[in-house]
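Hi everyone, thanks for coming. Please have a look at the structure on the screen, and then I'll walk you through a few spots in it.

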Amino acid sequence: MTTPNLSQLKNQSLIKQSSFVNGSWLSSKNSFDVVNPFNNESLLQVDDIEITQVEDAVSAAKSAQQAWQSTTAYERAAQLKKWGELLTENLDDLALLLTLEQGKPLAEARGEIKYGISYIEWFCEEAKRVYGDTIPALSNSQQVIVTKHPVGVVAAITPWNFPNAMNTRKAAAALAAGCCFIVKPSELTPLSALAMAELSLQAGIPKGVFNVVVGTNAKAIGEVLTTHADIAKFSFTGSTAVGKLLTQQAASTVKRVSMELGGNAPFIVFDDADLEAAATGLIAAKFRNAGQTCVCANRIYLAESIKQPFLAIFTEKLKQLTQGNGLNDVQLGPLINQAAIDKVTELVDTALSEGAHIHYQGEASATGYPATILTNCNNTMEIAQNEIFGPVATIFSFDNEQSAINLANDTEYGLAAYFYSQNINRIMRAANQLKFGMLGINEGIISNAAAPFGGVKQSGYGREGSKVGLDDYLETKYLCLGNLSY
């Protein structure tokens, strides 16, 4: 039975309760609850996939692979375009579904759906631009040609914080390249992926090309997706610890692997920054999705000379944010579950015991950790070396430019970093020295389909989006034609 909340969806066909394999919906013996993180009420019971059914998904994708890769790029682009159009037509329903299962404010959910669609639109076009090369040969009797081909079946595991966009970002590239695709979304937020599967069916994407497996036995499902010999590539977005384990498993069959892992983003405000713009950018970079994003600003480094005036501006902006049910007019939704609240609470309590101070804290909320500013922080604190994944801004200070850059780089992670300055020489120096895959310079929101998304160090490898976004889904083949006469 669906709850009254789910009954608000205009398109009830989007509400699915089981895995989608080979164009069909699978039933299984066991089920699990998908709950609304705002009130912990059950939204729906979803069938818990059996491991044999995961293996069936691999077989279905393998069977569909040859036909799918034999279609032209234009044919694949047309079907992807239709899928994107259906996502757009159902945007309001998809956003409502996303908010109900994940908690983020409805406006942010709509933004996520549009962001996901932008990747489909992008790769519709990039599919037509998979170019090869003709290389000058060593002899006039030879012709050297380089071509590109789909790697084969692709498997992915995606997280709960962006249950629509993380799927579209990977699936659009895979399908555009000519690869069949299997995704395991988080068991906390499977409904968005299943709704996308329904729309892929309506779009006419062939059976076996797009498959969604949902279940609570993440370890066993992950082992199939990383070790099965018929899967050519594995893609993961999630924590560094889990990513390391999955990479080890994938090595058993020498799969191609791409990893988008943890982050610990610094946010530097230099003494020549536009403080108003920097405070606005920090609100966006820190508090989007209640701080539950891998590119969130985790460590805020302020030049000593502007620390107090910046804090005053930033605090006033933070006070304007309200927290609650994502279906209401709020800017902060709940954290995903009690375990997430407990983690943030422990990090803050430990920081306070290590000498941090609470500069500001919003009203306590039963649905999540309140928006908080901690001052007197330093890089030796546990909270400075871990992803917070919550609405807590940690404030550090620095005396000079090089000190700020060194502090920012003092982490094993290297996904995203942000800094504000109006000095072009300083901008170029900092950009060259910061060891991160993505930089927001006088900007707090940086991701878009045309730009390469990914990190360095223990934040992973590979890039999603941009003109290089198909590379991880393509093999390069070298052809040497000999004994030619012309």
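Let's start with a word we'll need: buried means under 20% relative accessible area, exposed means over 50%, and partly exposed is in between, using a 1.4 Å probe and protein chains only. Please keep in mind that this is a predicted model, where local features need pLDDT of at least 70, side-chain atom pairs count only at pLDDT 80 or more, and totals for chains, interfaces and linings use all residues. Residues are numbered from 1 along each chain as its sequence is written, and side-chain values use heavy atoms, with hydrogens and water left out.

Helices (H or I, at least four residues) and strands (E, at least two) are DSSP runs, numbered from the N terminus. In helix H7, residues 218-227, the buried residues are Ile 221, Gly 222, Val 224, Leu 225 and Thr 226. What do they pack against? Helix H1, strands E7, E8 and E10, and helix H8. Contact here means heavy atoms within 4.5 Å.

Strand E10, residues 233-237, includes Lys 233. Lys 233 is buried yet has no salt bridge. A salt bridge is a side-chain nitrogen of Lys or Arg within 4 Å of a carboxyl oxygen of Asp or Glu. Lys and Arg count as positive, Asp and Glu as negative, and His and the chain ends are not counted. For Lys 233, the nearest side chain of opposite charge is Asp 472, 4.3 Å away. The side chain of Lys 233 does have a polar contact of 2.7 Å with that of Ser 258. A polar contact is a pair of N or O atoms within 3.5 Å; within protein, one must be able to donate a hydrogen and the other to accept it, and residues adjacent in sequence count only if both atoms are side-chain atoms.

How many salt bridges are there in the whole structure? The search finds 18. In one of them, Asp 272 meets Arg 426 at 3.4 Å, N to O. Asp 272 lies in the loop between strand E12 and helix H9, and Arg 426 in helix H13, so this pair ties together parts 154 residues apart in sequence. Asp 272 is partly exposed, at 24% relative accessible area, while Arg 426 counts as buried at 13%. Both belong to a network of salt bridges that also links Asp 271, Glu 401 and Arg 429.

Glu 276 and Lys 317 form another salt bridge, with their closest N and O atoms 2.7 Å apart.
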